[in-house]
Amino acid sequence: MAAVRASPRLRCLPLLLSQRDAAAAVRRSFSCASATSSPAPARAMASSSAAPSPYTTLVGRVSCEREIKRSKFIAIAAPVPNERAAMAFLDEVKDPRATHNCWAYKLGDQFRYNDDGEPSSTAGKPIYSAIISSGVDMVMVVVIRYFGGIKLGTGGLVRAYGGVASECLKDAPTHLVKPKARVGMEVPFDLLGTVYHQLQHFQAEDIKQDYDTGKDGTVMVMFRVEYEKIEDLGNAVNSACSRKIELYR
């Protein structure tokens, strides 16, 4: 994502959102209509690229076991939010006593796979192909093999690793994830009740307050909300209040 230059005024603001890089933040204002006029439509906060798309991922950890020519294959899959979590999952489930601990993960456009000593592209890549075919994202699959004394050949290995990974993911419970944006509002004390009502209506999460705004009678309300709901939330706030409310991201 290309960096967006913050305005000079934004750079002078105190750092109220601990997880927000103020130098790269994007601010857009939602102006509340006066009590006597129709509310002006809120402008969605601009970005240098489109909002992240919803994706389907696993609800939780799943596993599958198969025996192929005396070799035991155990596939274990789980949702992971990032590469660090994927590697932590690998460290947790791999068995140092096993012959091989092969794996693959997909994190949006980012992916990796590893054959862990099997012939090149006979284990990790088939596992990754199984992830692609399943339609799930943000997921890690580890396939553990205990050698049974009979060699499978390159074609047999591809079928074994890809097959057990596919079986593991085939009927696994999934759910749709809609990415959320971290947003902040500078809210006058007398409008907190009105704003909180709208946040509840739009299912905002992780709501926090910071009273150190440098402005008397104002609190910074921070929350997470689905990207696709930001504009509607701004319009709802416009309709419910009678003064200017600033939104920051």
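Two strands are taken to pair if DSSP finds at least two bridges between them, and strands (E, at least two residues) and helices (H or I, at least four) are DSSP runs, numbered from the N terminus. The model is predicted, so that local features need pLDDT of at least 70 and side-chain atom pairs count only at pLDDT 80 or more, while totals for chains, interfaces and linings use all residues. Residues are numbered from 1 along each chain as its sequence is written, and side-chain values use heavy atoms, with hydrogens and water left out.

The protein chain contains six helices and 12 strands. Of its 249 residues, 45% are buried, a term for under 20% relative accessible area (1.4 Å probe, protein chains only). Where contact means heavy atoms within 4.5 Å, 69% of the contacts between residues at least 6 apart in sequence join residues at least 24 apart.

Strand β11 (residues 218–226) has eight of its nine residues buried. Strand β9 (residues 180–188) pairs with β11 in the antiparallel sense through nine bridges, and Met-185 lies opposite Val-221 of β11. Strand β10 (residues 205–210) also runs antiparallel to β11, joined to it by four bridges; here Asp-210 has Met-220 as its bridge partner in β11.

Helix α3 (residues 124–134) presents another covered element. Its buried residues are Gly-124, Pro-126, Ile-127, Tyr-128, Ala-130 and Ile-131. The cover over these residues includes the strands β5 (100–107), β6 (110–114) and β7 (139–146), together with α4 (153–170). After α3 comes Gly-135, with a positive phi near 85°.

Terms used. Buried < 20%, exposed > 50% of the residue type's maximum accessible area, 1.4 Å probe, protein only.
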